[in-house]
Amino acid sequence: MIVGVPRESFPGERRVALIPGVVPNLVKAGLEVIVEAGAGSEARYPDADYVNKGAKIVADRAEVFRTADIVVQVLCYGSNDRTGKADVPLYRRGQALIGFLRPLGDVHSVEEIAAAGVTAFSIELMPRITRAQNMDALSSMSTIAGYKAVLLAGDTLPRIFPMLTTAAGTITPSRVLIIGAGVAGLQAIATARRLGAVVSAYDLRPAVKEQVQSLGGRFVELPIEAADAQDAGGYAKAQDEAFYQRQRELLGKVVAESDVVITTAVVPGKKSPVLVTKEMVAAMVPGSVIVDLAAERGGNCELTRTGEKIVEHGVTIFGVINLASTVPYHASQMYSKNLTNFLLHMVKDGKLQLNLEDEITRSTMITQGGEIVNPRVREFYSLAPLAAQSKEANS
Ligand SMILES: NC(=O)c1ccc[n+]([C@@H]2O[C@H](COP(=O)([O-])OP(=O)(O)OC[C@H]3O[C@@H](n4cnc5c(N)ncnc54)[C@H](O)[C@@H]3O)[C@@H](O)[C@H]2O)c1
């Protein structure tokens with residue numbers, strides 16, 4: 001079977017789905033790897049390195065799609081809402097497609113992918129089980145984004161992060177607040193601490209308190225408790241507006257005292273809750289910085305503009321999207337390793353074996369044989385369960 005790696009086409013995207021280092025593992029498993037010319041160059045993986053590791057370089061993008069049995073991308077159509085549509089006519093019936101597909105973003109792209117007859121696997125639906133940890137690309141990208149968010153803030157802030165005692169006087173450390181202490185938030189805490197900032201973090205899941213503290217952060221305790229904070233997968237559950245309103249009131253003072261606020265509070269498949277209002281921004285010291293990692297789904301700050309950097313009340317607000325792409329070498333390395341583990345999980349004797357008894361395959365597969373087959377995706381869009389699925393549910 002042939003695995004094809006097209007060049008990423010989303011504007012500004014610099015990652016590549018597979019790096020040369022993983023090619024020998026795939027070849028050993030009986031797969032051939034073809035790579036569109038220049039696919040890795042933005043991430044500093046030249047074509048020659050792919051060839052040295054046993055891959056073949058193909059000049060024409062259409063040929064990659066025509067030849068490959070499995071196409072692997074970072075941003076497939078769906079998550080690539082700008083240029084991804086151009087790939088749809090290139091898909092081949094029966095071909096497998098693996099990457100970020102944002103299946104809970106927009107039903108039309110999922111329908112088009114299904115209609116093209118490809119068997120698509122959405123890497124963001126990877127179940128959060130121990131067995132799948134080394135395939136969890138969402139966590140990998142969040143790790144990179146959490147790190148980079150701190151650097152972005154540090155680069156913009158008119159202050160330094162650490163405390164310094166010098167002959168020219170004492171410099172007080174900067175105060176960094178992280179709202180949402182999941183994978184990105186925890187990495188942001190660790191990075192800001194390494195740079196010497198005083199770090200606090202808040203999350204509605206009380207379970208993260210110890211993790212925050214073990215990284216040297218102060219856990220912000222608010223006198224408010226989410227009724228049902230987290231689901232079985234470890235994700236936060238959506239709360240009602242009254243809860244978010246109370247959160248905003250209680251967070252106001254902590255936000256006003258912070259030089260940097262990094263927000264990462266998201267709820268899968270939902271618009272991000274607004275936790276930092278425009279009044280809270282106005283109360284911050286001019287020169288402060290907000291990096292809103294939830295910007296892609298509306299943002300945690302009321303003033304955030306997705307994809308833009310703005311200054312309001314003297315506060316710089318980054319509505320960043322796709323931050324992992326700005327660290328393309330390591331982001332690609334991690335993504336590539338996750339994808340390789342996923343491929344090796346499904347490929348047996350050089351063939352893709354789709355075992356739907358397996359939770360990893362079943363949770364990630366969203367389309368097959370012309371239909372949207374994923375129960376979670378069908379339910380999300382209120383599509384009737386497929387005949388086989390309703391039979392299963394009744395048995
Ligand atoms: N394989 C595994 O077992 C596995 C893999 C990855 C992550 N996880 C765990 O899953 C959890 C979530 O990870 P994630 O980073 O993907 O989450 P995420 O990106 O979905 O959310 C980021 C954080 O925002 C928080 N949040 C949501 N709404 C909030 C609100 N109103 N106020 C404050 N905080 C809010 C969430 O609790 C979460 O910690 C973490 O505990 C992580 O360790 C487990």
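Me: Why does L195 count as partly exposed?

Reply: In this predicted model, L195 has a relative accessibility of 38%; because buried means under 20% relative accessible area and exposed over 50%, with partly exposed in between (1.4 Å probe, protein chains only), L195 counts as partly exposed. L195 is found in the loop between α6 (183-194) and β10 (198-202), where helices (H or I, at least four residues) and strands (E, at least two) are DSSP runs numbered from the N terminus.

Me: How are residues numbered, and what pLDDT do local features need?

Reply: Residues are numbered from 1 along each chain as its sequence is written, and side-chain values use heavy atoms, with hydrogens and water left out. Local features need pLDDT of at least 70 and side-chain atom pairs count only at pLDDT 80 or more, whereas totals for chains, interfaces and linings use all residues.

Me: What makes Y147, L151 and L195 a nonpolar patch?

Reply: A patch takes residues with over 30% relative accessible area and no salt bridge, nonpolar side chains (Val, Leu, Ile, Met, Phe, Trp, Tyr) being joined within 5 Å and like charges within 9 Å. Y147, L151 and L195 form such a patch on the surface, with about 230 Å² of accessible area together (Shrake-Rupley method, 1.4 Å probe; for residues, only the protein chains shown count as cover).

Me: Why is the meeting of the R61 and E36 side chains called a salt bridge?

Reply: The term requires a side-chain nitrogen of Lys or Arg within 4 Å of a carboxyl oxygen of Asp or Glu, and the N to O distance for R61 and E36 is 3.0 Å, so the pair qualifies. The two residues come from distant parts of the chain, with R61 in helix α3 (residues 61-67) and E36 in strand β2 (residues 32-36), 25 residues apart. Both R61 and E36 are buried, and together with D87 they are linked in a network of salt bridges.

Me: What makes E112 and K85 partly exposed?

Reply: E112 has a relative accessible area of 25% and K85 one of 47%, so each is partly exposed. Their side chains meet in a salt bridge (2.8 Å, N to O), which joins helix α4 (residues 107-115), the site of E112, to K85 in the loop between β4 (70-75) and β5 (96-100), 27 residues apart.

Me: How do you know that R102 forms a salt bridge with E296?

Reply: The closest N and O atoms of R102 and E296 are 3.0 Å apart. R102 sits in the loop between β5 and α4, and E296 in the loop between β13 (289-292) and β14 (309-312), 194 residues apart. At 29% relative accessibility R102 counts as partly exposed, as does E296 at 45%. R102 also has a positive phi of about 40 degrees although it is not a glycine. Most residues other than glycine have a negative phi.

Me: Why does S382 count as exposed?

Reply: S382 has 67% relative accessibility, so it counts as exposed. S382 lies in the loop between α12 (375-380) and α13 (387-394), and its phi, near 55 degrees, is likewise positive in a residue other than glycine.

Me: What lies 2.7 Å from an oxygen atom of the ligand?

Reply: A polar side-chain atom of R205 lies at that distance, which falls inside the limit for a polar contact, a pair of N or O atoms within 3.5 Å. A nitrogen atom of the ligand is also 3.0 Å from an N or O atom in the side chain of Q247. The protein covers 87% of the 850 Å² of accessible area that the ligand has on its own.

Terms used
Polar contact = N/O pair within 3.5 Å; in protein donor to acceptor, adjacent residues only side chain to side chain.
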